[in-house]
Amino acid sequence: MTTSVAPRPTRPPDAPETLRARRLPRYAPPAVALAALLVAAALAYGTGAGGPVLVVVAAALLYLVGLFAVANVVEGRRAARDRLWSALIHSAFVLAVAPLASVVWTLVSRGAERLDGDFFGTSMNNIGARDPDGGAYHAIVGTLMQVGIAALITVPLGLLCAIYVVEYGRGRFAATIRFFVDVMTGIPSIVAGLFVLAFWVLVVSPVFNDGRPGFSGFAAALALSVLMLPTVVRSTEEMLRLVPAPLREGAYALGVPKWKTILRVVLPTALPGIVTGVMLAVARAAGETAPVLLVAGGGAAINFNPFQDNQSSLALFVYQQAGDASRYAPARAWTAALTLVALVLVLTIAAKLLSRRNRLGR
Amino acid sequence: MGETTARPAVAPAPEAEAVAGPRTRDGGALGGGGGLPRARAFGAERAFRALTVAAGTAVLVIIAAIAVFLVAKAVPALRANTENFWTYEGWSPNDPAPKFGIGTLAFGTVLSSALALLIAVPVALGIALYLSHYAPRRLGTALGFLIDLLAAVPSVVFGLWGRDVFVHPVRDFSAWLNQHFGWLPIFGGDGPFGRSIMLGSLVLAIMVLPIVTSLSREVFLQTPTANEEAALALGATRWEMIRTAVLPYGRPGVVAAVMLGLGRALGETIALAMTLGITFGISFNLITNGGNTVAANIANAFGEANATGRGALIASGLVLFAITLIVNITARAIIHRRREFTESAA
């Protein structure tokens, strides 16, 4: 028992360096970037081919090439390729954040211009091209009414449909419904608008509208329902599937009928997730322009009756003001856009936060 | 309300069980209740079940109704058309002798969508990989949330931004391209530049980006860790690991994501109606004002349309519906096949 185990040699000082792959020093990438920037600036301004934008673009390309070349020499081909792709993937991200930042910045800076009480308290009724005031009250009323009615139609229908697919449906029929719900998600909003135009505005509503086509807020709500339904069904379906089977089995074992189990046990358990899905669908519907443009008529006055006469919506208001020749219109358009985005984002963020608190969550 | 059957089971008296047993619903839906006799459904149970079946059927009815009503309204206009609907390159359906064709519109739709995807897909895949495999986990989650918010921004806002803000850099860039590469037909012409296919496609690309990103990110995150670790253990660099483990596994999902993005791009209306120059005639020129798509034309021409005009727009919408239906069904079929594959493999 006297044999002493020699301590394992941990990297003796005279070990050959070649055992470890040679790596670029940490300062190499920034150095290459700086060099690329200088060369690009010299080239662009020296030849007079372009301004700062060209410099940035050329510098980015030079950086990629330079980094690849340096790494290729020092670290070898595979590591160089790894660095190149890593840089490309990072730049893809920067490329995508830039427009988002621009949209947010413009929304806030240009939208603040008309962010006054007048904007939220008055409509566009009797506002001419030379009037600097006017507001989006009628449009906000329209958006809230249309989205509200659409939610009233969609939520029961969507919940029942999801319950059928998850709890009752079996075989080909249920599979077909699932498939077409998926397909319905992809229906373009303009087609939903055309459908309600062809079905409700031009065919059904003239029956009780003295034969005239009935453009109305309700028609817009119908079109929005067509767009919301698949979203609500899909999210509800997913949530219902997450409800643990023992909960259902416990209820059945107590003799509770199936329909009651679904209403009293399954739905309440899945409720937070379902609410999230509904809120996301509502947010999406609130931002839709095309269907409202086709079937709501888009008036300038306040109309609290969704079943009679034209109604506008915030999204439609943005579109109309953007196309308006008045020099005060762009400010109104941007403020309305800011309001719309705020509404949509509040709904979306609230929905996401709610889903985070969902105990069934993935 | 079925109270009578629910109560006795709480206190399981033997005779109550004997009575309640056969009367409760068959356990078939549980999957394991085969031993119970199949009992008839109660009134409430039956009614509720019928209600859900009706709601499920409503989806099929709505899709069928979309097709039926669009066809019904399109046919009279198509009958009145004095030109070939598929090849004619103009749109004057409101004339006494209506002339309209979908040629320009279909061309513009396909061109702008294809360009948008060409720009968006590489960037989207880059972001998806960044979020799933490069960014620190918490940062990746937070940034993924940001990308989802980008998806929530209404298209009319992108349209407004494209028309008022983004048009300026695009106009300068177009002029620069025209100056240096004007000999290429796609960059030819002599202005005005700006509200062109290029602007429309770029805005469209920004709008498609979040969809493709979030779906591909999800697929990339599902890559089996064992595959990734095996690649790394064999000495693969991070990129080699992605190329050999993540991308092959995610390919069907990425294809489906791209198809769904295509579906969105084909149907996008308002952003393109606001950014394109709206002209008729097929041209490959990307930078001079012009361009038109099926959906943008519906939004633009609807205001002045009479009965035939509406019918003509509905006819073009029907074509759009058919195209997006095919694209979506293909995408969904890929996803479904993949789901079966991954579930059986797991």
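## Where the chains meet

Let's start at the contact between the two chains: 74 residues of chain A and 79 residues of chain B take part, where two residues are in contact if their C-beta atoms, placed from the backbone, lie within 7 Å. On the chain A side, helix H3 (residues 77-111) gives the largest share, 18 residues; helices here are DSSP runs (H or I) of at least four residues, numbered from the N terminus. That side of chain A holds 54 nonpolar, 12 polar and 8 charged residues. Ala, Val, Leu, Ile, Met, Phe, Trp, Tyr, Cys and Pro count as nonpolar, Asp, Glu, Lys and Arg as charged, and the others, Gly among them, as polar.

This is a predicted model, in which local features need pLDDT of at least 70 and side-chain atom pairs pLDDT 80 or more, while totals for chains, interfaces and linings use all residues. Residues are numbered from 1 along each chain as its sequence is written, and chains are lettered from A in the order in which they are written.

## Two domains in chain A

Across the boundary, 5 residues of domain 1 touch 6 residues of domain 2. The domain 1 side comprises 2 nonpolar, 1 polar and 2 charged residues.

## Inside the cores

The largest nonpolar core has 192 residues, and A:Phe195, A:Val295 and B:Val208 are among those touching the most other members. Such a core joins buried Ala, Val, Leu, Ile, Met, Phe, Trp, Tyr and Cys residues through C-beta atoms within 7 Å, buried meaning 20 or more other C-beta atoms within 10 Å.

Conventions:
Buried ≥ 20, exposed ≤ 12 C-beta atoms within 10 Å, placed from the backbone. Helix = DSSP H or I, 4+ residues; strand = E, 2+ residues; numbered from the N terminus.
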